Amino acid sequence: MPTATHGGWSSAIAGEQGTGLWPWVAMAYNSQKETVFCHRLPMIPVVSPACRPDWSMIDVDGHACEVYEPPQPSSGRAVIYLHGEHEGTLLASSGLRNCIEAAGMPAIAPRAGRSWWLDTIVPVFDARITPERFVVQNVRAEIERRFGVVPPGVAILGTGMGGQGALRIAYRHPSLFPVVAAIAPAIDFHLTMHDSFLNDGDPNAACDLFVELREIFLDAERARQDTAILHVHPLNWPRNQWFASDPADPQWHDGAVRLQSKLVALGIPHTALVKSANGGNVAAYEDCVAQEAIHFILEALDRESRRVL
């Protein structure tokens, strides 16, 4: 079982042997070996090495991360992928996976549960480091160590929860992530604090996707203050922004339109695909726009590599 120590804390990631599923539980312990938290992660199907030998699951400072190591990697560029609220893997996202493989672009996709990629301690993720800080520091350092890629050659990409996370992190760290792409970004996550957002207003219906948000922020206004839109700086922003949202998506589309309106009002360059509908199915929409997202990232990273500082 991979383990890592953070000060007086240690964490572990474990799987079920013989099931082909890994990892399934994340735990943290204090110095007295008492369990601080124990969070069940979604089952991750392990693809046979004969099928995709360049994909693997690694441990980065006590946290599971998918990694794609192409046999002939493109020079000086890599991408970080942030998963959505349904916690699907990059390997299982056929549209994005195939485009990343075709480009020969190294990728690391950290597993963070429903942490919403915030810059606050989220117990289901880690008791010592915030999800955002883990991406900005630890994952970026792993990309440099493993692939030799440093900013501005590192793009950040996400879907759903990860889409808003990618945008939010890029807005807060534009010099480190000058290239960002988001598919169906869950920008207005503060609206999940209202019971009317969930299951036609039934607060007793299943709403596990947003439990962590309610525990973190307690009320909708606090959550709204930490959304991606409010982190857009009028004078300091990522130079290359792309996001796409399906007009048929009843949960998240309005937030994407609001973000586009703000960027237009501030005169901030960006590319927004918010008018072509695809039926509201997030997975199908992701596959539909994956090629455009990766094409944008590759062109933007090429531009960044030619910039004269």
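**Close-up 1. Arg222 and Asp219 form a salt bridge.** Their closest N and O atoms lie 3.3 Å apart. A salt bridge here is a side-chain nitrogen of Lys or Arg within 4 Å of a carboxyl oxygen of Asp or Glu. Asp219 is partly exposed, at 31% relative accessibility. Buried means under 20% relative accessible area, exposed over 50%, and partly exposed in between (1.4 Å probe, protein chains only). The model is predicted: local features need pLDDT of at least 70, side-chain atom pairs count only at pLDDT 80 or more, and totals for chains, interfaces and linings use all residues. Residues are numbered from 1 along each chain as its sequence is written, and side-chain values use heavy atoms, without hydrogens and water.

**Close-up 2. Glu69 pairs with Arg146 in a salt bridge.** The closest N and O atoms are 3.0 Å apart. Glu69 sits in the loop between β6 (63–68) and β7, and Arg146 in helix α2, so the pair ties together parts 77 residues apart in sequence. Helices (H or I, at least four residues) and strands (E, at least two) are DSSP runs, numbered from the N terminus. Glu69 is partly exposed, with a relative accessible area of 32%. Arg146 is also partly exposed, at 26%.

**Close-up 3. Glu132 and Arg168 meet in a salt bridge.** The N to O distance is 2.7 Å. Glu132 belongs to helix α2 and Arg168 to helix α3, 36 residues apart. Both residues are buried.

**Close-up 4. Helix α3 (residues 161–172) is largely enclosed by the rest of the structure, because 11 of its 12 residues are buried.** Among the buried residues are Met161, Leu167, Ile169 and Tyr171.
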